[in-house]
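Please take the labels attached to this model one at a time. For each, ask what it rests on and set the value against the cut-off.

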Amino acid sequence: MHHTVFRVYKSNIKKTITIIILFVFVASCNIEKPKNSETFKIHNLIKHVNPFIGTKNMGHTFPGATAPFGMVQLSPETNRQPMFIDGSYNKDTYRYCSGYQYTDSTIFGFSHTHFSGTGHSDLGDFLIMPTTGKLNLDPGTAENHETGYCSNFNHENEHAEPGYYMVKLDDYDVVTELTATERVGFHQYTFPDTDSAHIILDMTSNIYNYDGKNIWTFIRVENDTLITGYRQTNGWARTRTVYFAMTFSKPFSEYGHEKYEKVIYNGFYRKFDEKHNFPEMAGKEIRAYFDFKMKDDERLKIKFALSSVSTEGALLNLKTEVPHWDFDKVKNETQRKWNKELSCILVETESPDQLTTFYTALYHTMLSPVVYEDVDGKYRGLDQNIHTSKDFTNYTIFSLWDTYRALHPLFNIIKPHRNNDMIKSMLAHHDQSVHDALPVWSHYSNENWCMVGYHSVSVIADAIVKNTTNVDPVRALEACVNSSSLSYYDGIESYIKLGYVPEDVSSSSVSKTLEYAYDDWCISQIAMKNNNSKVYEEYSNRSENYRNVYNPESRYMQPKLKNGKWRDNFDPMDTHGQGFIEGNAWNYGLYVPHEIDTMISIMGGKNWFSDHLDKIFTTEIEENYISRNEDITRDGIIGNYVHGNEPGHHIPYLYNWTNEPWKTQERVRMIMETMYGNSEDGLCGNDDAGQMSAWYIFSALGCYPVTPGSDRYALGSPLVKSAQIQLPGGKVTSINALNQSNKNIYVEKVYINDKELKGSTIDHSDIINGSEIVFHMTDKPVK
C-alpha cells in the first residue's frame, strides 16, 4: 500500500488545485521493537491507518478528523436522507449512520459529532459549509447538487489520516482541511479570489433527521469573529442539548439567517429585521450565513468548540485547547496523541495490507466512548443537571450490547485507566438515573434503551475480576443489583418470577433470557469478590435461567409463553419474530458463555456440538430469513454464521470446548482473511462502536474473551508474526508465531515463558504481567 501525504496549494495562474506529494511511504510490514521494555516507546503508526476502511456499505465508519476518544468528531456529510418519507421509515437513512458513504460524490458540509459504526444513529451537530458566489441556503440534493449549496467532490482530491481530513469542493474551488482536539474542531478553508465567500452554519442538519427533531436552536453573534449558541434535539437521545462557540480567523462583513418553520408567535421581535445583521437568532429550524471577501489562496480558519454545559464552557474549552491559530500545530499534536495510543501494540505481519487492517482496527477501537466533560470537569448528567467529575474523566456513548464482548475487555489490557473512568461514568449514570439503573445504551446525557440486557454489569465484573478498577465494590454491586431488578424493563418482572422472559410478555424473549442469565452470572462474580454469599447464591441461581428456554426435543433455545408452553410455529433459522433480536436460534441460541460445558452437554455432547458448529458455517441461510433485518446482510455471512453482527462473535471459539479445537483456528483465520481488509468495504458489518474491530485485534493476537467477567481467554490462531503489547507500568508481553504463513494456520503448541501450555485458554495474568508467548504454527491440524 502506498500511503501518501499531500500538501495542497492553489495555483495563482490556473486557479486549480495541484497536489504536491511531499513524500511517499511504502508501508513496511515490520515495526521497530522497543529496546528497553521499561520504556513505553511511541512509534509513527498513523501511517498504517486507513480511515476509509468501513466507509462503504455496512461498516458505517467516518473518515473525518478526531482526537483519540474525542467528543469532536469532525467529518463530512455526503447525503441528506430523512428518517421518514410520507410517514414511513426510509431504509436509505440506515446507510448514513455515520453521515458518510464512500460511493457518494457530493458533500453537504462538515459536522462536529458522529457515531462510529453504529446500526442506528443521531448527532451530526452544527454543519458548516464553505461556498462562493450567490448565496444559496438550500442544501440541494445528491441527485441535483447544482440546486443547492452542496458540492461535488472527487476521491482523487480527498485524503484522510488520524487527526486530519482534506477534500477539494469542486463546485467552489475551495480546499477543506480539518483537524481536532478532544473538544475543538479546527477548520481551514483555502478560497479562490472572491468578494462573495460564505460560511453556512446549518442548524437544521441532523443525522437520522425528521420533521420536528430540532426542539430549539439559538445563536448569538458576540462580535465580528465570535459566535455562540446551542441546539436541543429530540432524537435517539430524546433530550439532548449541545452548546458551541465558533470563532473566525478574520472578521466577516455581513451575516444573517433564514428560518424554516412556521413562526406562530414572535412577540415584539417583529420590531426588527431579524434576517440581516441582527445579532440574535432563535427558532427551531435555522440556517445562518457569514460573508467574507477572500483573496486567492487565502485561508479562512474556524475554531469550533463543543460543551454539554454552556456556551461559557465551550469558550473555556476553546481557549484552553486551542489558544492560537496554528492549524498544523493542532494537527501535529493530535497525531502525536494518536501515535501514543496506537503504540500500545506493536506488530509484525505477513503483508502491508494486514498491517493497515490491524492498525485501522485499533484506531477504530479508540473512537468511542468519548470524553464528555469540559476541561474544568463539568458535564451535563442524565438528570440534565450540571455535575463535576471527581477522580475520573466522564465518558459517553456506551453501546454496551456490542462493546461488553470484546472492546471493554481489550481496554482492560491496553487502556485500563480509561476503562476505569468509563466504569465510574457508568456508576455516575446510575446515581443520576431516576430508574436507579446503569447504562443500557447511553449517549449525550440520555439513556436510549437500545438492544437488550444490562451489560454494564459485564464491564464492571470484567474489570473487578481483572483488578483494573478502583471503584468501591460494594457500590458497584448495589448498582448492578438495582439494574437487574428493574421490574418494568424488558420483561424482568416475569424473568424474576418465572425464570425466563415469556414471548407473549416481551418480544425477543430468548435473547433477553440468555443475556440476563449471563449478566446475572457476572453479578455473582462481583458478589463473590465482595464476600456477599446471599447475593452470590441468588445470582448464581438466576444465571441458570438459560435452561428454561432450552427445548431438549428440538435441541434449540426457543421462545416460551407465560403459561409455560413453547410458542407454536418456531423456525430456528428465521431471524425475525422467533424470540431473538438480530439473530436466530442457530447462532444466538449458543449464547451461554458462562456455562459452555453445560450447554454442550445438554445439547448432545462434544461431538454433536462440533457437528452443529460445522453446520452453522456450511448451511446457507436463505434470503427470506434475513430480508427484514437491516443489521444482517450478505456482506457478513458465512453459511449461517453472521460475523457482521455481535451475537455470534464467540461462536468460532466454541470448538475449543469440543474434541476439535483446531477448527477454531481454521474458522478464525478464515474470518480474519475474508471479513476484514484494507479497502473501503473492509468491514463486513457495522463496526458497532469498535466491537467488530476489537474482535479482530484479539483474534489477530491469538486469543479472545469468550466470557467477559472471567480471567480466561480462549486460544485461536494468531494472524500476526509477532506482537509486543506495551503495558502500563513499563511491562511488555511479547507474542511470537513461529513458522507463520497463510498456510500455517494451525497451532501445534503454545509456550508461555518457556513452559508448554496445556488446554485451550490463557490467563489474564499471563498477558498483563509481561510474558513471552510463543505459538508454534503448522499447516496440519493437531487432532
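## Labels and their grounds

Q: Which residue of β12 is the bridge partner of Glu158?
A: In β12, Glu158 has Val167 as its bridge partner. The model is predicted, with local features requiring pLDDT of at least 70 and side-chain atom pairs counted only at pLDDT 80 or more, whereas totals for chains, interfaces and linings use all residues. Residues are numbered from 1 along each chain as its sequence is written, and side-chain values use heavy atoms, leaving out hydrogens and water.

Q: What joins β17 to its partners β16 and β18?
A: Strand β16 (residues 214-221) is joined to β17 by 7 bridges and runs antiparallel to it, while 8 bridges join β17 to strand β18 (residues 240-248), again antiparallel. Gly229 of β17 is the bridge partner of Ile219, and Gly229 also stands opposite Phe244 in β18. A hairpin through 4 residues joins β16 to β17, and another hairpin, with 6 residues between the strands, is formed by β17 and β18. Strand β17 (residues 226-233) is mostly covered, with 6 of its 8 residues buried.

Q: Why is α5 called oblique to α6?
A: Helix α5 (residues 407-414) and helix α6 (residues 416-432) pack at an angle of about 130 degrees, with their axes 6 Å apart. The axes are lines fitted to C-alpha atoms, for helices over the stretch in contact, and angles between N-to-C directions run from 0 to 180 degrees. Since angles under 35 degrees count as roughly parallel, over 145 as roughly antiparallel, 65 to 115 as roughly perpendicular and the rest as oblique, the angle makes α5 oblique to α6.

Q: Which residues make the contact of α5 and α6, and how many are nonpolar?
A: Contact means heavy atoms within 4.5 Å; here His408, Phe411, Asn412, Ile413 and Ile414 of α5 meet Pro416, Asn419, Met422 and Met426 of α6. By class, 6 of the contact residues are nonpolar, 3 are polar and none is charged. Helix α5 is mostly covered, with 8 of its 8 residues buried.

Q: Why do Gln525 and Tyr704 count as buried?
A: Gln525 has 12% relative accessibility, so it counts as buried, and Tyr704, at 2%, is likewise buried. Gln525 is placed in helix α10 and, leaving aside neighbours within four places in sequence, is in contact with Val465, Tyr536 and Gly709. Tyr704 is placed in strand β35, and the residues it touches, not counting those up to four places away in sequence, include His649, Trp695 and Tyr713. From Tyr704 to His649 the separation is 55 residues in sequence and 9.5 Å in space, C-alpha to C-alpha.

Q: What makes β35 and β41 edge strands?
A: The open sheet has 3 strands in the order β35-β36-β41, with antiparallel pairing. Strands β35 (703-704) and β41 (761-763) each pair on one side only, and are the edge strands. Strand β36 (residues 712-715) is joined to β41 by 3 bridges, and Arg712 stands opposite Asp763 in β41.

Q: Which residues touch the most other members of the largest nonpolar core?
A: Such a core is a set of buried Ala, Val, Leu, Ile, Met, Phe, Trp, Tyr and Cys residues joined through side-chain atoms within 4.5 Å. The largest has 203 residues, of which Leu201 and Phe290 touch the most other members. Its largest share, 10 residues, comes from helix α10 (residues 509-529). Apart from this core lies another, of 12 residues, among them Met166, Val184, Leu318 and Val322.

Key
Helix = DSSP H or I, 4+ residues; strand = E, 2+ residues; numbered from the N terminus. Nonpolar A, V, L, I, M, F, W, Y, C, P; charged D, E, K, R; others polar. Buried < 20%, exposed > 50% of the residue type's maximum accessible area, 1.4 Å probe, protein only. Pairing = 2+ DSSP bridges.
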